[in-house]
Amino acid sequence: MDITGRLERFFSQRRIFFFAVVIALLAALPAFGFSRYIMRICIVISIYSMLTLALNLVAGYTGQLSMGNGGFYAIGAYTATLLMINAGLSFWSSLVVAAAFAGISGFLLGLPTLRLKGSYLTIVTLGFGEIVRMILMNWDTVTNGTLGVRNIPLPSLFGVSLSFTNHGLYYLALVLTALVSVFCALVINSKVGRAFIAIREDEIAAQMMGIKTVRYKVLAFVLSATISGIAGAFYAPMVGYIDPNSFTFDISSQIISMAILGGLGTMRGMYFGAAALIVFPEVSRFLMDYRFVIYGLILVLMMRFRPQGLLGWRTRLPYRFGKVLERQLAAEGSLPPLL
Amino acid sequence: MKRGVFVLALVLAAFLAVGCGGGQSQASSVPVKIAVALPMTGDNAEYGKSFLTAAEIMVEKWNKAGGVLGKQIELVIYDDKNSAEEAASIAQKIVSDKDIIGVLGHFSSGVSMTAAPTYQENKVIEISNCASHPGYSKIGNYIFRNNTVISAEFNVIVDVVANDLKLNKVGIIAIKTDWGNTAGGIAADLVKANPKLTLVAHEEVLETSDDHGPAIAKLKAAGAEAVIAVGMYSLYGPLARQYKEVDPKIQLLGVSNAYTQQIIQLGGDAVEGLFAPVSFFAQSDDPEVKAFVDEFKKRFGMEPSALAAQAYDSIGILLEAIKSAGSLEREKVRDAVNSISYPGITGPTNFDSIGDADKKFQKVRIQGGKFIQYKG
Amino acid sequence: MAIFIQQLCNGLALGLVYALVAVGYSLVFGILRLINFSHGAVYAFGAHAAFFFVGLNFGPVPAIIAALVITGLLGVVIDKTALAPLRKKRSVPIAALVTTLGISNIIQNLLVVKFGSQRKPFPDFFNLGAFTLGGIQFSSRQFVMFGVSLVLLLLLLLVVNKTKIGLAMRATAQNAKAASLMGINVNSIITLTFLMGGASAAIAGGMVGGYYQVVYPGMGFMIGLKAFAASVLGGIGSLPGALVGGLLVGVIESIAALYIGSNYRDSMAFIILIVVLIVRPAGLFGKNEVVKV
Amino acid sequence: MPLLHIKDISLSFGGLKAVDSVNIRVDEGEIVSLIGPNGAGKTTVFNILTGIYTVDSGEIFFEGNAIQNKIPQDIVEAGIARTFQNIRLFRNMRVIENVLIGSHIREPYNFFQAVFRTRRFRDSERENTLKAVRLLREVGLLARTHDYAANLPYGEQRKLEIARALATGAKLILLDEPAAGMNPQESEELLRFILSLRGRGYTILMIEHDMSVVMNISDRIYVLDYGKLISEGLPRQVANDPKVIEAYLGGVPDAAENNRA
């Protein structure tokens, strides 16, 4: 067994321990007294982790490359902001409405999947992202046009405003990312996730197995949009200011680069890709001019040499039946032997 | 395939390693640090780079003369890509470096206003040489604007149209950006308020497009005699060419952004006769201006724009204030900036209580392929 | 009415340029079933190459010819270095799409590094002055642009439909495997396709550069998307489709700018694109493909 | 009542009659083969049966219910599942997951029940996984349970495809050239496997080129040429039908060309 396989087994056998360590480390991070700048980078990484996890649902598992996820992100950010500022709603209710609203837009964008496949669908999603931005730019009465919206209030919990200073924003980002991650994991490990992957692997064969492929593709878009909307609804109060130029095609393209670098179709790759491509520009100021050239190179080289992403290997671990089932299978003598 | 992955990983690792190394290299003797937070990549990179050049010239001048308070001055450069998100992150980075006393930046008003509260909260002086939104300087008493106030520019422009050119029907064409929206609106109000002028049309165009045909058609149909063009340098060349083609007699007027050699290069004959108000005139005989212009040309390959000159002055103002405060205590430096009376190359500058610079304007006009002072 | 006719002409002239760029998408799609995302950046590269050669005191026409050659070669290089290896590996189609997206990033930002992101002056080389016709003023640039694009497009149609090489291209587009069995060198046909795509983009870039007299690295993004919309509208893979689609997008956009507002013009292409893809995915001239199981 | 009754179906693609007034009946517990030269329209008949194509005319009854022009998902629900001429497994999924996809339509829980891991979800998953493992044991793939489909040798991939079809709970299994690409020994094994399926109560309609397989296990045979049925009956009758021999050995080439155009 090769090195990745052995490492996997090592971590998998102690996974509860490692999860606990990672969560404890992340929770204790503010105690190390990092500067606000470092903490801010951590928050941005978690926002992009949510965005890549969202993209992963459509592009990674279901195989429908969306270039319009920046649009959902924008819809989430604007919906939450406008509700907080104009309707005086709290952050929490705005978050829920923004997620729902983004989800509905995901449903609308998912509808063309009834007729479109592959590259065509990708282009429609790209067009969707641009149209969202144009609407934000030109619908002045609602969105305040190119001026954007300023002074977005921070979220508050039990009367305490969650800010950078009290690390409230950091913990909120952490909790949201954790919830999104758990949600994705639950969805993937069910018939829904299996249907997504089957559609990616072979859409016609999936249909022939009775999977309502259109319904699942639309569902993937809705889920992806909802999660992106949550990320947007958190982003807006974090930055305090949004305008249409915060949501250009570059955002969608960056999310795609992150996901591809890490490995579409895996969750670990999403965190890795987001962290790598957020940290990379911060530490490479000397390469300023070449930053986007390098983003491009990443895409080209990955597709050529490692299309599954840096962390995108097929797991060597056995399929997990669960204790109860394993006992039952062993009792009737049909416990499948390990690889 | 395995080798490809390896190379890729190696390249990434190298970037990260070198990057980390670069981040840690900080001088041991503590200099006076000033941050420059401007777009160095992306669509507005040319502005950022030209402002940086101007700032560097000023800093070198001071350093040659022994620095300030006996310390050398260092510029710390940040690329905000003119994006609010980047700027917010950079502002955090700047305030976490306790040696940074002030910031030159950011580029657009929206971006500056996103970063400003962080500077205000941490008592870092922000001087923007180009933010124009009225709300910017109101964010706090550490936030200064060394730029012309846009309404003051339009007062000059409106005066030119009404009194020098004696034209009546005015059209406005503004780019669809946060700045263009605000500025276009202010221009429209001033034109409407002037009894000698009639506003016949107000068009918006996309900054990403070079085809202004439809907007021009509407302005022409409305009978505009003079058109106030509210945009970046990139608007004027194509606009003038396309407009002159359908109406050779049209009188175009620009804001101070139009005062750059690029628009003559881009606009050629079509920009002949264009008016603009400026606080800085590169062809001036003033020796201080001449010295700056020569040095800037040598380094940047073209004449400095008014905004670049304001960047030069902004650094001068900050250093002069530190000198007169006699310390690096933030409150004292801030007070010194507020009470300064600085004889800059963009005219004598002092700040009002909000933090806005009060500037005198000259009128310039393009004639014979160059800008000349207009004394109408 | 005068304004309308002016805008119509403006739209037609723009539309033919879109068509010229759209042809690049259609050629590549026809043969490889690939949406070549880097085409917009290749177009910007073509315009900059022309700008560069003009700077070296080539005349405008030799400059454009030099740009045409070098941009055509760029197209070939893109295929040979990045796309051909993917075909050899039989990668999934999305891999090629993502690769072209990456190439587009690389080209555009290398242009920024080399030339700067600002707009640069391009010579006004085909301006014969404005003239008035029936009380309406026209720019001769529009007519020159219209004429040159039309001639080039017709030439291209002629090559594809009447020559032996064109026959080989059409055969490859129909069925690459069968074509190669019939002795057609499919690889050189693909190379030729990228060469033609790059060259047509360079001409379009030079024309638009001359029309507005500006070039800048970001010029390819929007026009690339609009041209793509045009080729989809016409039926991607079909050359007459690209022509008609380009004209329609150009005209609709110009008229919309006039009646709805300039700030909505860029949205029009996307709206057209989405409507076409939903209502008639094969486009005006395309054929529906039968699902094979 | 026959299990499957195809009545007079026709389908043309732009002037070409791919299927022309075809009638087929399959009774419960039978193994029926559909043979014919390449391009005769056999796979098209399968595609019509499984809802990929819609017919121009004609009717199809399954257990007495009309199923022509229904969407593929409804046809699977009705109880028909298939395999493909060129194997279409979910290659990057495990063997067990491929079978679980087959039982997708037998999972009664909805999206929210999955996310909240309700009792219904857990029971259904456990039951289906159990069934899937048992099915794998029955078809002899138990040792491969954890492996990825792409890693299986050819013969086992064929078996897995059949297992996946069985997992849908179908009564009628459509096999599209199951023996293609197999050596005689593998075909022999496959033959026994198909016979054992009949033994377990499944009905089978298959397309096959390998005459030794067809003649050995078919109860009845239909012969298709240029979209038309040219012969039907017991294996021995069909094998001696001059029309079939002519179709296979090639009649007058010119006529064939004309027919095709």
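How many residues does the contact take from chain C and from chain A? The contact (heavy atoms within 4.5 Å) takes 41 residues from chain C and 34 residues from chain A. The legends below describe a predicted model, in which local features need pLDDT of at least 70, side-chain atom pairs count only at pLDDT 80 or more, and totals for chains, interfaces and linings use all residues. Residues are numbered from 1 along each chain as its sequence is written, chains are lettered from A and ligands numbered from 1 in the order in which they are written, and side-chain values use heavy atoms, with hydrogens and water left out.

**View 1. The interface of chain C and chain A.** About 3,400 Å² is buried between chain C and chain A, 79% of it on carbon and sulfur atoms; buried area is the accessible area (1.4 Å probe) that two parts lose on being put together, summed over both. On the side of chain C, C:Val98, C:Leu101 and C:Leu277 supply 15% of the area buried against chain A, more than any other three residues. Between these chains there are zero salt bridges (a side-chain nitrogen of Lys or Arg within 4 Å of a carboxyl oxygen of Asp or Glu). Two residue pairs, both at pLDDT 80 or more, are in polar contact (a pair of N or O atoms within 3.5 Å; within protein, one must be able to donate a hydrogen and the other to accept it, and residues adjacent in sequence count only if both atoms are side-chain atoms).

**View 2. The helices of chain C that face chain A.** At least two residues each come from helix 3 (60-89), helix 4 (93-115), helix 9 (219-234) and helix 11 (265-279) of chain C; helices (H or I, at least four residues) are DSSP runs, numbered from the N terminus. Helix 4 of chain C gives the most to this side, with 13 residues. By class, the side of chain C that touches chain A has 31 nonpolar, seven polar and three charged residues. Here Ala, Val, Leu, Ile, Met, Phe, Trp, Tyr, Cys and Pro count as nonpolar, Asp, Glu, Lys and Arg as charged, and the others, Gly among them, as polar.

**View 3. The two domains of chain B.** The domain assignment, which is automatic or from a database, gives domain 1 (31-148 + 285-360) and domain 2 (151-278) of chain B. Their contact takes 16 residues from domain 1 and 13 residues from domain 2. The two domains of chain B bury about 1,100 Å² between them, 56% of it on carbon and sulfur atoms. In domain 1, B:Tyr47, B:Met302 and B:Glu303 lose the most area to domain 2, together 34% of what that side buries. Four residue pairs are in polar contact across this interface, while the count of salt bridges is zero.

View 4. B:Gln242 lies in helix 8 (residues 233-246) of chain B and is buried, with a relative accessible area of 13% (buried means under 20%, with a 1.4 Å probe and protein chains only). The side chain of B:Gln242 reaches the backbone oxygen of B:Asp210 at 2.7 Å. Leaving aside neighbours within four places in sequence, B:Gln242 is in contact with residues including B:His212, B:Ile216 and C:Tyr212.

**View 5. The surroundings of C:Ala47.** C:Ala47, in helix 2 (residues 39-55) of chain C, counts as buried at 0% relative accessibility. Not counting residues up to four places away in sequence, C:Ala47 touches C:Phe122, C:Gly205, C:Gly206, C:Val215 and C:Met219.

Technical notes. Buried means under 20% relative accessible area, exposed over 50%, partly exposed in between (1.4 Å probe, protein chains only).
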